[in-house]
Every structure is written in C-alpha cells, then in structure tokens.
Amino acid sequence: MHELLYVIVMPAVMGAVTLFFPKKARLPAGIIALISSVWMFIKTVKLFGLGESEYFRTVFTMGDVFQFDFALRLYGFNSFVLLFIAMFGALIILYSIGYWFKDRETPGIYYTYILWTLSAAACAVLSDNLLLLLICWEVLTLLLYLLVNMGGEGHETAAQKCFTILGFSDAAMFLGVIIIWLVYGTLSISSLSISTGTTTGVIAFLLLFTGAIAKAGAMPLHSWVPAMAKPTPAPTMAFLPASLDKLLGIYLLARISLDIFSIRTGSGLSLMMMIVGAGTVLFAVLVALVQHDLKKLLSFHAVSQVGYMVLGVGSGIPVAIVGGLFHMLNHAIYKCGLFLSAGVIEKRVGTTDLEELGGLAKLMPITFLTTIVVAMSISGVPPFNGFVSKWLVYQGLLQAGGYYVIFLIVAIFGSALTLASFVKVLHSVFLGRRQEKFDGVREAGFAMQVPMIFLAILCIIFGIYARLPLEKFITPSVAGSTGVSMQEMAVRTASGYWNPVAATVLMAVGLIVGLIIYAFGRTRRVRIDENVWIGGNILDNEEMRIPGTHFYKTVTDDLNPAWTALFKDGQEGAMDVYNIWGRIGFSVVQVLRSLHNGILSTYLSWVIIGLGALTFVLMFAL
Amino acid sequence: MDAAKYLFSYLIFPGFLFTAVAGLLATWVDRKVTARVHWRVGPPWYQPFADMVKLLGKEVIIPAGARATGFLIAPVVGLAAATLASTILWMANLYPASSFVGDSIVVLYIMTIPAISMIIGASASGNPLGILGAAREMKLIFAYELPLVIVMLTTVYKVGSFSFEEILGYQSANGIMMGSVSGVIAFIVAIFCAQAKCGMVPFDIPEAETELAGGTHIEYSGAPLAVVKLNMGIMFFVVPIFIITMFWGGVSLAGWRILTTILKYVAIVTIMVLIKNTNPRVRIDQAVRFFWGPMLVLSIIAMILAVLGY
C-alpha cells in the first residue's frame, strides 16, 4: 500500500474495529484508539520527514464528461498540518480515556467517531482533488453531527444547528466545485490557477471561501461553535472546533486564496476577507466578554481568534500570511488546552457556570498552571506563542500602510479585550473565593493531565523558540520570500524585531531579583491571618464571593443603550445568521399559513386568480 | 551582544538598579510637588527609599482565604516586566542599533503585564474589595488601551515601522513628532492614558484609597508591598519615557542632552502631577466614557491627520 494511504486507511479500519467492541468495553476501545492514533502520529512524523509524495488513482470515469481521481499530494504545507492533526488526535484520545474512565453512560462508539474523523481529516488535508476534499468535508460534518449528538442536555438543537450551517457551507462548496469543473475542466488543486478577474472566478472563490470560513468558524457562519459548546463534552470541543476545524478551515482558506486563486494585496476580495477577519476579531471577543459559561466563553474566543488568521491570510502580505498560519497552529494548541482545562472543571466540579466556580487553584494546581499558560498565550502576552503570531500579523498589516492601519487598530484592541476576558476566567474559576461545597474537589487524573501539560509546554516552546516552528513548519509552506528572517534566537521583519529568548531570560532574572528582595525582607516570618480586611466588617465566605461574571457590567450595561443591546443580542444569539434566517423563514411560513384558513371561498378565489394568471401567461406572454 | 552585557544592562544600567532608583526619585518628585500644591513642606528626597527599607523589615501577612503562591509571586512578575520594559526603552534610546529584545509593540504589551499581575494578585488575595479593584483595573486597561494604541500608531504609521531605531531615526531626521498637529494631539491623549496607566488621580479608581482602602493593594504588607510600591515607581518612570520616545525625540545621556532629557521627563511628570492634584477621582464608568469618548475622538483625529500627512 502507498505510504500516504496508511494514515487514511489505518484510522478508518481501526475505527471500524472498535465498533465491534461490546458497548460496555470503553476502556479497551479507548486503548485500541490510542495505540492507532499514536501509530498514525509516528507515521505522520515520518511523512513530515519525507517532505513530498504523491498518489494518484482514477476511481471512475464517465466517458469524457466526468472523471473522479483519488489524488493525494504531500508537500511542505500539508505535511505539518497532517502532523498536528495526528498529534491532537492522540492527545484527545488519551484525555478522553481519563475523562470517561468511570462514566458508564458513554459508549465506546465515541472512539470510532474520533478515529474516523482523524481519517477524514487526513484525507481532506492530503487531497489534491477538490471533489475528494469536498467528500471528506461532508464526512467530517456528518461525524461532527454524530459527536455533538452524544452530548448532554440540548444536544439535539445544537447538532441540528451545526449540521445546518456546515451543510449549507458544504453545499456552497459543492456549487463552487461544479463551477470550477464546468469552467476550468479540472479539479486537481495543484494544477488549478484561476484568475479572480472574471465573475465566474469571483463566484467560485466566494463559494469555496464560504466552506472554509464556516469550518474555521469565522463570522458570519460562526454560530454553530458557541451553540454546540454547552451540551458537547469538553474533549469533543477541544478536538473539533478548537483544533482540528481550525487547522482544516484555515488550511483550505490558505490553499484557495494563495494557490488556486492567488489573491493579491489590495484587491477587493482581499479587502473582503480582511473585513471578515477584523469583524470576527472584534465582535466575537465583545460577545465573549459577557458570557457566563466557561465553555461558551471559550467557544466565542475560538471564533474571535479565527479573525486573526483570516486577517493574516486574507491580506496577501507575506509576513501577515506567515503570522496568520502560525496563529492557526498556535490557536489549535492553546484553545485545545483551554477546552481540556474546561473539561477537568466540568468533570471534577460538575459545572462550568462561572458564577458557581472560584478558588479552585489550590485544589487543582496543575490545571491552574497549565490554564494560566494557555490563557496568557491566547491573550497574546509575551513571551508566549500567541504573541509571536499576532505580532507577525501586526507587522504585515503595518507594512501595507494606508487604510490597513484600521485593521491594525482593531487587531491590537481585540487582543486587549481577549486579555480582559481571560482575566475574568482566571478569577472566576481558579482565584477568588471557593464555595464551601466544592472543598472536596480533586485534581485531574494522570491521563487528563498529560495532554494539558504537553500543550502548555508547547505554548511556551513555540513562544520562546519561535524560530523552530517558523523555520520548520510555516516558512516552507509559504511559497516565495516571506519577509520574516531569523537572527540567532530572534525574529526580524522589515518593520520590527522580537527576541523572545532574551526577553524570557531577562524576565526570569527579574523574578529572581524580586525573590531576593523578598529574602531581604522578613518574608520568612509570614503570618497567615484569620481573614481579609474589609473595612472592619466581618463577613462569611459566601458573602465575600465575587464571581467574575459581572466584572465588565459597567462597560456592557451602563455606557450606551445601543451598546447594551449589542451585548444582549450577543448573549443570546450573537448576530447569528442561523437565527436570522430562521426568523425570515418563519415569517414566510406565517404568510403561507394565513392563506390556509380552511374557508372554501378563499381557496376558490385562489384557484380563480391562478387560472386568470395562467390564461394571461398562455395568451400574451408566450 | 553577549549574555553578560545583556545581564548588566538588565540588572544595573539602564535596567533594574537605575530604573528603581529613578522611579523612586520620581515618586518623590510627585510627593514633593503634591505637598507644595497642598501648601505642605513634603518629604525629604530619601523618603521613598526609607519607606522601602522600612517595609522590608515588616511582617508579611497573608489572609487565610488567599492563594498564597499567586498572591506573593504576582508583584514580582510585575516587577520583572516593568524592569524589562524600561530596559528595552533605554537601550533603544542609548544604543539605537542594538535591537535590544523588541520593538514598540513589544513594549506596549510588556507594559500591561504589571497591571495584569496586580489583578491576579488581588484576585488571589480573595478580598472582595481587592477583587472590585481588580475588575476596575481591567476595565481601565481596555478603556485607555484603545486611544493609546491609536496614538501610538500615528507615530508608527508615519515612520512605517514599529522599531525604536526607525522611530528615533525618523524623529532626528524630520523633527520630533510633536512638531506636527497630529503629534501634538497624540501627545495630549497619550498623557491622559499615562495618567491611567500609572494609576494616578483622577484614574486611581482601582486603588481608590478612600473608597476601596487600596483596592488591588489592600492585602499586601511588608516586602510584597515594597515590591508593589516599587512597581508603581518604575511605571511612573517608564511610561513618560515611552511617551518621550514615541513623540518627543527620545532620551539621551550624552553631554548636554542629559539636561534636555531631564527637562522633558520633568515636564511630563509635572503635567501629570498637576492633573493629579487638580482633579477628583472619577467613577469607572466615567473613566471608560472619557477614554472611549473624547479621547477616542481625539486619537482618531490625530490618526486621520497623520494619514493626511499633517
């Protein structure tokens, strides 16, 4: 068998094998899944080392009319995406084993779906044929639907919503593929080169673009991510919308906008993509500020961060593209880590409601540490990885000059709001005060800790040794000169300079200086006081709990009625195209409904009007 | 540059030692001027240092409900970040070609870390007043960050680069940023943002001594309180230097220019102290309205003027 087929066939077959396990045998199924995903990971590492490879087989032909090729192509870009897909697969399966260790409800078929998802994702990434890619996309949508349907309360509506939105975008992609086949006569991605000067080209691009951003979860097709956040178990959230779908969606976006259509900087389509990106950054993070549920809040950030990627890739500026792609990788890492932490909270505490939680840092030190690392990464605090990729996007936007400075402002401000949102999370989950009923909460188990620690360490490494991922993964995948150069341990662009290694070392030295100051002081003579000082009042623990959910109430509620309305909408649906279409559809149905009033004369008059119209058409119009 | 040189510049000059001494002296200037405005005599110049020494000798109290590690480590992280920001700024000014650590966007981000660490510290203390202070601090951050980013970008836009080297080179070649209309407007906005960043009246809302009894600082005592005070001193030193670098041609210690540097710094500090002493503390919603209202409009005007070339 061809080496490329292994990574597609093997998880699919092993997934089918786990189907035959008895329903109660979750653990063996999980272990089989873990072994096969680790095996797949090793295989992808080998493929990554291999660099380039191709596989081609015509599956069927329909005379001269149509031909379907099973074409796979491995090269710089997709080899690293594939590597990370397999890595996330292995981590999530390991985590899931811990997550469902004692849960008797969840059937082993979960692992089947995860393995099949891995297989379909690998095929989508490797595919060199648009139709094959589309088929994989559909399979992924179906598997997502099935996975969401395994969730808790409210999973039916969520799954339906996911299926509707992704189904819609898949249909759009299908139309795009048909147009490309009819007009350009080939579906092979590597040989397609379509000009966006023609209307057909633009329409084809927009249709494929819809498919890509719906998968990645950018506005306006984002609402399936927050909708599935609450009912879906955390491992699924961490696997699909947080990491895999970002990799896939942005991979496709980069492929179509850089390879197939080669969008140029300053063109209308580039501007459109950047507006989508900047809008997504800003609106999603504003909505995230007011969320009361940890998983829902994280899901809005999963939407918001896509904005940076779309902004970077869509700008067409080499430095920003590098930043956007690096952000895709970083986002997959830290958002996966964040959802895994949320999973620990969900599992051990039993709720992800931010009003209930608080003060868990002491009981869950490892989870707290990993969460603080990934939270600082997503907020773009130097020297973590999120900062480097955002910084690269800023550099690119500045180099373009002109009105791009607006996007630059939005991007930087969005990052400040992200920080605000995660300060709220850290406060209301881990710091602050704990409710007494949660005193017995335990730390996550070993299988759950390992992926979290691994991802947190990856965040630190990719932040400090940013040259490692940039040189190994990102730069080879962008054709031509990138404008990002590496000097010793630093990253340099034409407009800026950042040396994370020096910054980290110096910060560490600063920490030591601070600790020396403590040592000079009498910090060893610490008195653990009875209670905090609140102006002489004596309150009990419950009265002193201040959940973080109202941190930003002044900003969201008291400034301006229009502003408040935006947030209200945000908490419910958030500029949700799905709901808007639902409402439009409903009003159309209402009109049709009012026609069916059951009165014979109404029906008769409709018949007569119809006859009249028909006669008119037959007599005059033809 | 080798590691020893980096370490020297971070620890001694222009890093920790220099910055800490200068920062504490700056707080003395603040206290002295405030006292004169109040028609008091004010403290002697060594008062901030004496305060430090005394605080170091005091017992450290940790409230029973606090997350002790986070509570104690937070001010230290803030100190490390504030020192790093100061070192980057001074190195960029003194040795423009050194490419030390990072550019202006890096400094902008690093300058928020002290505030974040105070929020984490207050949140870890478990004191409700501290938590109120933390919430206000965060709101204040994203309130002033928007106009601050825009006015910073007016300079960056004109220069076409984030790097201090280019920003300073541009100003020495084409005259300081403040020489243009957009530069003056940007400078005014930046001063107000600096006021908030340094936590000075009218924007000392997170600490609010008379209302929250210290807010974010409420539970700190002894050595940690000394570090917190040192942080505030350093920020009071760093933020004006950042503004001078971005809009006023930078600082220098060579020959006579040392005098102009001190004059620039003292001018900004005097403006800030005068604003502090002639205004009452505003509420947090008023502060947000102020920064997202008039300040945002001014900063956008500055941006438009910069784009038009004024």
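Start by selecting A:Met62: this residue stands opposite A:Phe66 in β2(A). Helices and strands here are DSSP runs, H or I of at least four residues for helices and E of at least two for strands, numbered from the N terminus. This is a predicted model: local features need pLDDT of at least 70, side-chain atom pairs count only at pLDDT 80 or more, and totals for chains, interfaces and linings use all residues. Residues are numbered from 1 along each chain as its sequence is written, while chains are lettered from A and ligands numbered from 1 in the order in which they are written.

**Stop 1: the hairpin**

Two strands pair if DSSP finds at least two bridges between them. The two form a hairpin with three residues between them. In the turn, pick A:Gly63, whose phi is positive at about 55 degrees.

**Stop 2: the helix α2(A)**

Now select A:26–50. This is helix α2 of chain A, with 25 residues. Its end C-alpha atoms are 35 Å apart, which agrees with the 36 Å that it should span at 1.5 Å a residue. The expected span is 1.5 Å times one less than the number of residues. A:Gly51 follows α2(A), and its phi is positive, near 85 degrees.

**Stop 3: a helix pair**

Select A:76–99 and A:109–126, helices α3 and α4 of chain A. Their axes come within 9 Å and cross at roughly 175 degrees. That makes α3(A) roughly antiparallel to α4(A). Axes are lines fitted to C-alpha atoms, for helices over the stretch in contact, with angles from 0 to 180 degrees between N-to-C directions. Angles over 145 degrees count as roughly antiparallel.

Show the side chains at the contact. From α3(A), they include A:Val81, A:Ile85, A:Gly89 and A:Ile92. From α4(A), they include A:Tyr111, A:Ile114, A:Leu118 and A:Ala122. Residues are in contact if their C-beta atoms, placed from the backbone, lie within 7 Å. By class, this contact has 13 nonpolar, three polar and no charged residues. Ala, Val, Leu, Ile, Met, Phe, Trp, Tyr, Cys and Pro count as nonpolar, Asp, Glu, Lys and Arg as charged, and the others, Gly among them, as polar.

**Stop 4: domains of chain A**

Colour chain A by domain: domain 1 is 1–128, domain 2 is 252–522 + 541–574 and domain 3 is 577–621. The bounds come from an automatic or database domain assignment. The C-alpha centres of domains 1 and 2 of chain A lie 28 Å apart. Twelve residues of domain 1 are in contact with 16 residues of domain 2. The domain 1 side divides into ten nonpolar, two polar and no charged residues.

**Stop 5: the three-stranded sheet**

Three strands form an open sheet in the order β3-β4-β5 of chain A, with antiparallel pairing. β3 (485–487) and β5 (496–498) stand at the edges, each with a single partner strand, so one side of each is left without a neighbour in the sheet. The twist averages 25 degrees from one strand to the next. β3(A) pairs with β4(A) (490–493) over three bridges. Select A:Gln487 to find A:Ala490 of β4(A) opposite.

**Stop 6**

A cis peptide bond joins A:Met219 and A:Pro220, with omega about 5 degrees. A:Pro220 is in the loop between α7 (199–216) and α8 (224–229) of chain A.

Switch to chain B. Another cis peptide bond joins B:Val201 and B:Pro202, with omega about 5 degrees. B:Pro202 is in the loop between α9 (181–197) and α10 (209–212) of chain B.

**Stop 7: the A–B interface**

Show both chains. 72 residues of chain B are in contact with 66 residues of chain A. Helix α7 of chain B (128–159) gives the largest share of the chain B side, 16 residues.

Technical notes:
Two residues are in contact if their C-beta atoms, placed from the backbone, lie within 7 Å. Angles under 35 degrees count as roughly parallel, over 145 as roughly antiparallel, 65 to 115 as roughly perpendicular and the rest as oblique.
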